[in-house]
Amino acid sequence: EENNPNATELYIETIPLLRQKGFGLGEVLRLFSIIFILKNKIEEVEMFSKSGAVYFHSKYNFEPAIKNFEERNFALKNIIRNCQNELQEYKLKAEDLLKRCEQNKSAEEQRNLCKETNILLKKYINEVLQTKDKYKSHSFDYGFRMVLKTEDIRKNNAFFNNLFKKHGIDYVI
């Protein structure tokens with residue numbers, strides 16, 4: 001939008017036949033969207049990440065940005081379910097947050113609980129991503145809102161520049 005430094009991302013998809021085949025097509029699409037963001041001086045991109053794409057988007061610096069109370073509750077319940085046998089600290093924090101969500105009904109407190117949930121989700125997702133294929137046993141049943149900020153792209157320019165180089169894309173941040 002004109003005079004708006006933010007954007008909402010359109011639906012981008014790699015056809016199912018070519019997904020997870022090692023071609024890196026999803027990564028290339030993400031890199032082109034990074035170039036688009038920078039070239040158009042977009043400060044923040046907001047998108048709804050489908051449940052199966054949360055970890056993919058997180059690898060490219062998208063962060064949870066849940067504002068919807070129901071999305072928040074589903075995400076917390078997924079953490080609790082996924083952490084039955086490991087990552088107990090995340091389970092306990094998610095249980096505490098969910099309990100507070102049920103007890104504190106004021107709109108202001110509900111919004112604050114969304115912010116706390118986003119912080120917990122970011123830490124949880126990053127922890128899961130530390131171990132190869134761990135995300136498969138820590139899936140989400142529902143997607144949620146995520147954002148990518150230009151400042152985070154610039155902070156992680158070495159990461160993105162290596163990916164551009166890997167894919168033969170002539171672009172440097």
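This is a predicted model: local features need pLDDT of at least 70, side-chain atom pairs count only at pLDDT 80 or more; totals for chains, interfaces and linings use all residues.
Local features were required to have pLDDT of at least 70 and side-chain atom pairs pLDDT 80 or more, whereas totals for chains, interfaces and linings use all residues. Residues are numbered from 1 along each chain as its sequence is written, and side-chain values use heavy atoms, with hydrogens and water left out.

Helices (DSSP runs of H or I, at least four residues) are numbered from the N terminus. Helix H4 (residues 88-103) packs against helix H5 (residues 107-129) at an angle of about 165°, the axes lying 10 Å apart; axes are lines fitted to C-alpha atoms over the stretch in contact, and angles run from 0 to 180 degrees between N-to-C directions. H4 is therefore roughly antiparallel to H5 (an angle over 145 degrees). The crossing of the pair is left-handed, that is, the near helix is turned anticlockwise from the far one by less than a right angle. Contact (heavy atoms within 4.5 Å) involves Tyr90, Lys93, Ala94, Leu97, Arg100 and Cys101 of H4, together with Glu109, Gln110, Leu113, Glu116, Thr117, Leu120, Lys123, Tyr124 and Glu127 of H5. Seven of these residues are nonpolar, two polar and six charged (Ala, Val, Leu, Ile, Met, Phe, Trp, Tyr, Cys and Pro count as nonpolar, Asp, Glu, Lys and Arg as charged, and the others, Gly among them, as polar).

In the second pair, the axes of helix H1 (residues 25-39) and helix H7 (residues 157-166) come within 11 Å and cross at roughly 125°. Glu27, Leu31, Ile34 and Ile35 of H1 meet Phe160, Leu163, Phe164 and Lys166 of H7, a contact with six nonpolar, no polar and two charged residues.

Conventions: Helices (H or I, at least four residues) and strands (E, at least two) are DSSP runs, numbered from the N terminus. Angles under 35 degrees count as roughly parallel, over 145 as roughly antiparallel, 65 to 115 as roughly perpendicular and the rest as oblique.
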